[in-house]
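Please read the points with the model open.

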Amino acid sequence: MTNFEKYKKSFSDSFEVEESVVETLKYESIPAWDSVGHMVLVAALEATFDIMLEMDDIIDFSGFERGKEILEGYDVVF
Amino acid sequence: MLTNKTALITGSNRGIGFSILENFAKQGCNIYAHSRRDSDEFKIRTKEIALKYGVKIDHISFDLRNSNDMREAIMSIIKSKTPVDILVNSAGIIHGGLFQMTPVSDIRDVFDINFFGMLEITQLLSRYMVRNKKGSIVNIASVAGIDLSAGNSAYGVSKAAVIAFSKTLSDELSKYGIRVNAIAPSLTNTDMAHTSEAKKERELMSMSTNGPFERMAGPNEIADLVSFLASDNSSFINGQVIRIDGGNKF
């Protein structure tokens, strides 16, 4: 599985949505992506990519695309 | 009660923290034993305990005021892929003295360890615990944080903050299946209890005639309560502060 596929799967698993919709997702754009869901996503991404996100990045993680940029800062190559 | 679970215990090299470590090991719990500094003596003691009870005890050392070292240590735990079921925040320092005779810098020092250090390690480790959707966090507060008698602007107020934090965190983490409770021991018979900082409490203890148990708590008694709260035997206890003081009033 590529990193991009793993990234999409993290969203899909965390929010229990189809992978086909994850690329449009932003924080609070769906009920599942509230603050509780946000921490579930963070936990999933940290587990998947073996990283520990800085608090500023957790707060800044506002959507699928922004998240990719943030993870690239942790040497995750998409 | 704790067979095959894994716990991280801060301040586990002495006092209440060490009693908790022994208690947990006896019950089959694997342990990440935190201390501020590496110590051969501590490693020898824990090796004996690990062999005696057939558990794994790994050491992690960092100063709770050092965010980078703390982060590195927690990252090493996460990379081990071993789920951590229990966090016991036992590390702390004592401080006594009237407010007007306490430099604010002393109060900040006490808060840095008793509250902010505890808060930071909890924030890092709870994110890992969230992945497993279960766990128990037990914070060692103090009756000083409830009674808040004179001389407690540093220690007592820091423990009051621990209590308040435990309650709010229990509300947040319950959504992930993680329970958070605090315990509030009275003066406990450890090295810390015999310091000059704790002298005033010892004097009050010797004057107490209000309770049937006119003595200091034993660290093993504290450890028994912590292990209960850490275990699934307390699965419906969440957001509580449990006082353990023999019924004594000061």
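In what order do the 7 strands of the open sheet in chain B stand, and is the pairing parallel or antiparallel?

1. The order is β3-β2-β1-β4-β5-β6-β7, and the pairing in this open sheet of chain B is parallel. Two strands pair here if DSSP finds at least two bridges between them. Helices (H or I, at least four residues) and strands (E, at least two) are DSSP runs, numbered from the N terminus. At the edges stand β3 (57-61) and β7 (241-244) of chain B, each with a single partner strand, so one side of each has no neighbour in the sheet. On average, neighbouring strands of the sheet are turned by 20° against each other, direction ignored.

2. On the basis of the model: it is predicted, local features need pLDDT of at least 70, side-chain atom pairs count only at pLDDT 80 or more, and totals for chains, interfaces and linings use all residues. Residues are numbered from 1 along each chain as its sequence is written, while chains are lettered from A and ligands numbered from 1 in the order in which they are written.

3. Chain B has 8 helices and 7 strands. Its radius of gyration, taken over C-alpha atoms, is 17 Å, close to the 18 Å that the globule rule gives for 250 residues, so chain B is as compact as a globular protein of that length. The globule rule is 2.2 Å times the number of residues to the power 0.38. Along the principal axes, the C-alpha atoms of chain B fill a box of roughly 50 × 40 × 35 Å.

4. Of the 250 residues of chain B, 45% are buried. A residue is buried if 20 or more other C-beta atoms, placed from the backbone, lie within 10 Å of its own, exposed if 12 or fewer, and partly exposed in between. Residues are in contact if their C-beta atoms, placed from the backbone, lie within 7 Å. Among contacts in chain B between residues at least 6 apart in sequence, 75% join residues at least 24 apart.

5. Helix α2 (residues 40-53) of chain B lies across β2 (30-35) and β3, at about 155° to β3(B). Helix α6 (residues 155-173) of chain B lies across β5 (135-140), β6 and β7, at about 165° to β6(B). Axes are lines fitted to C-alpha atoms, for helices over the stretch in contact, and angles run from 0 to 180 degrees between N-to-C directions.

6. Strand β6 (residues 178-185) of chain B pairs with β7(B) over 4 bridges in the parallel sense. Pro185(B) has Ile244(B), in β7(B), as its bridge partner. Ile244(B) is also one of the residues that Ile183(B) touches, along with others including Val138(B), Leu225(B) and Ile242(B).

7. The largest nonpolar core has 75 residues, of which Ala7(B), Ile31(B), Val88(B), Ile183(B) and Val226(B) touch the most other members. Its largest share, 8 residues, comes from α4(B). Such a core is a set of buried Ala, Val, Leu, Ile, Met, Phe, Trp, Tyr and Cys residues joined through C-beta atoms within 7 Å.

8. Lys81(B) lies in the loop between α3 (67-79) and β4 (86-89) of chain B, and it is exposed, with 8 C-beta neighbours inside 10 Å.

Conventions:
Two residues are in contact if their C-beta atoms, placed from the backbone, lie within 7 Å. Lists of a residue's contacts leave out its neighbours within four places in sequence.
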